Amino acid sequence: MSYKLKAQSKKAQSPKQKSSKQMISRFKPKSLLLPAFSFQLLASCFLLSALSFQLIALLSFSAWAESEAPKLTPAVQKIVYTAQQAMEKKDYLKAQGCLKEFIEKNSKSPHYLVEFTLANALAVADKNTDALLHYRAAADLYPAFAAAWQNMGKIYFDLNQYDEAGDCLLKAYELNEKKESALLYYAAVSYIMAKKERKALPHLEYLVSGEAGAPKTEWLEALLKVYMDLKLKEKAFAVVLRLIDENGADPRWWKILAQLHLQQSDYKPAVAALTVHSYLTPLKKQDIMLLGDLINAIGVPLKAAEYYEKALILENNVGDYEKLASAYIAAHRPAKAIEVLDRALEKKPTSGLWFMMGHVLYEEENFDKAYDAFGHSVKHDPKMDQAYLMMGYCALQADRKDAAASAFQKACRFPRQEKTARELLRQVANRL
């Protein structure tokens with residue numbers, strides 16, 4: 001004869017009176033956020049381009065002999081030419097030596113181009129710290145010399161001093177007669193790397209406005225990152241939709257669009273965006289799981305289970321099985337949930353998996369097997385306090401009063417369960 005409990009207090013109610021959603025809530029994914037979009041490739045592109053600018057500065061000194069620049073004497077022209085010839089032969093020590101000797105002999109009349117050339121000779125020999133001193137000397141002697149600021153920015157970037165790099169590159173852009181947009185872009189990237197997004201923002205907004213020419217994709221990418229970092233969501237949406245309009249075949253933009261929707265807890269459009277992403281590129285396991293999480297979050301657990309099953313084929317761990325089982329439970333497919341949990345327990349039995357199995361079996365009113373499952377749960381983790389309480393419920397439903405009393409007594413040892421367990425023990429004592 002089945003033993004029925006009195007519904008005297010809410011906490012003492014049988015778990016059968018609780019919803020399935022409450023019972024499996026602890027197995028729902030804790031986060032639905034996509035990994036942060038990385039711009040490391042952007043930084044790599046910057047390094048290559050900055051180096052090419054430095055080489056341009058090395059090719060000719062005559063180009064810098066402008067009317068407002070300090071006068072180029074024959075001696076300066078000769079020593080710079082001699083150093084450049086040595087550098088072309090990769091004899092950097094010779095170049096450095098002749099330039100340093102010239103500077104020592106002419107200490108009372110220093111020249112910006114000699115300092116600049118020595119800085120280049122040091123830079124190509126990977127003596128960046130020394131190179132900075134001479135670039136700075138060149139800029140002090142001729143503040144309007146854009147090449148010195150440009151190369152100084154490159155060296156600062158190589159030294160991971162990104163804020164200083166940005167300031168130098170911005171100065172180079174301001175001094176550049178042609179106002180080359182690449183310099184402004186590199187300055188903005190440097191500020192991004194320095195986590196000074198607000199310093200980068202106005203320059204990127206200017207670049208994509210069209211006033212500097214047709215906006216390039218990398219400018220939009222950088223602006224999108226800044227908007228996302230500064231949590232300017234509406235502006236970020238506008239940029240990513242623009243990128244999709246220009247190149248909808250690039251899966252990155254759909255993934256970012258999904259992330260933006262997720263940040264606003266708009267799961268349905270996030271599912272749509274991530275689904276398009278899945279059509280454009282093979283999904284990694286974490287993306288498949290994420291799509292499953294999203295579909296589960298919008299209330300289609302059976303469809304979510306399909307994605308979890310696909311992910312398990314690629315790689316599996318205990319958490320993946322828990323998600324799959326909880327999806328089947330939410331979809332009212334207890335037999336499938338039990339099948340999944342059996343597979344998981346064969347691979348790696350854990351307290352959490354046995355606890356889930358106990359709940360599914362309890363819902364199916366298979367109380368003896370549920371009791372055993374909760375028993376396995378506490379064997380794997382003696383601190384699983386709720387499992388002792390559930391063992392008591394199972395024993396009561398199976399009319400095993402002594403076993404129920406024993407389980408409730410063990411549950412009393414845990415502060416979270418003590419009040420409920422003592423109430424149930426009183427009920428059991430009244431029935432004995």
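Student: Why are Tyr112 and Phe145 called buried?
Tutor: Buried means under 20% relative accessible area, exposed means over 50%, and partly exposed lies in between (1.4 Å probe, protein chains only). Both Tyr112 and Phe145 fall in the buried class. Bear in mind that this is a predicted model, where local features need pLDDT of at least 70, side-chain atom pairs count only at pLDDT 80 or more, and totals for chains, interfaces and linings use all residues. Residues are numbered from 1 along each chain as its sequence is written, and side-chain values use heavy atoms, without hydrogens and water.

Student: What makes Tyr112 and Phe145 an edge-to-face aromatic pair?
Tutor: Rings of Phe, Tyr and Trp (its six-membered ring) pair if their centres lie within 6.5 Å; planes under 30 degrees apart count as stacked, over 60 as edge-to-face and the rest as tilted. The search of the whole structure finds 11 aromatic pairs. For Tyr112 and Phe145, the centres are 4.9 Å apart and the planes are at 75°, so the pair is edge-to-face.

Student: Why is the pair of Tyr112 and Phe145 said to tie parts together?
Tutor: Tyr112 lies in helix H5 (residues 112-124), while Phe145 lies in the loop between helix H6 (128-141) and helix H7 (146-158), so the pair joins parts 33 residues apart in sequence. Helices here are DSSP runs (H or I, at least four residues), numbered from the N terminus. Tyr112 and Phe145 also belong to one aromatic cluster with Phe116, Tyr135 and Tyr142.

Student: How do you know that Tyr362 and Phe367 are edge-to-face?
Tutor: Their ring centres are 5.2 Å apart and their planes are at 70°, so the pair is edge-to-face. Both Tyr362 and Phe367 are buried.

Student: What makes the charge of Arg400 sit over the ring of Tyr371?
Tutor: A charge sits over a ring if NZ of Lys or CZ of Arg is within 6 Å of the ring centre and within 35 degrees of the ring normal. The charged end of Arg400 is 4.3 Å from the centre of the Tyr371 ring. Lys310 lies over the face of Tyr307, at 4.9 Å from the ring centre.

Student: How do you know that Lys199 and Asp163 form a salt bridge?
Tutor: A salt bridge is a side-chain nitrogen of Lys or Arg within 4 Å of a carboxyl oxygen of Asp or Glu. The closest N and O atoms of Lys199 and Asp163 are 2.9 Å apart, so the pair qualifies. Lys199 is in helix H10 (residues 197-208) and Asp163 in helix H8 (residues 162-175), so the bridge ties together parts 36 residues apart in sequence.

Student: Which other partner does Lys199 meet in a salt bridge?
Tutor: Asp167, at 3.2 Å from N to O. Here Lys199 in helix H10 and Asp167 in helix H8 are 32 residues apart. Asp163, Asp167, Lys196 and Lys199 are linked in a network of salt bridges.

Student: Why is Lys199 called partly exposed?
Tutor: Its relative accessibility is 32%, so Lys199 counts as partly exposed. Asp167, at 39%, is partly exposed too.

Student: Is Glu221 buried or exposed?
Tutor: Buried, because its relative accessible area is 11%. Glu221 meets Arg252 in a salt bridge (3.3 Å, N to O). Arg252 is partly exposed, with a relative accessible area of 32%.

How values were computed. Helix = DSSP H or I, 4+ residues; strand = E, 2+ residues; numbered from the N terminus.
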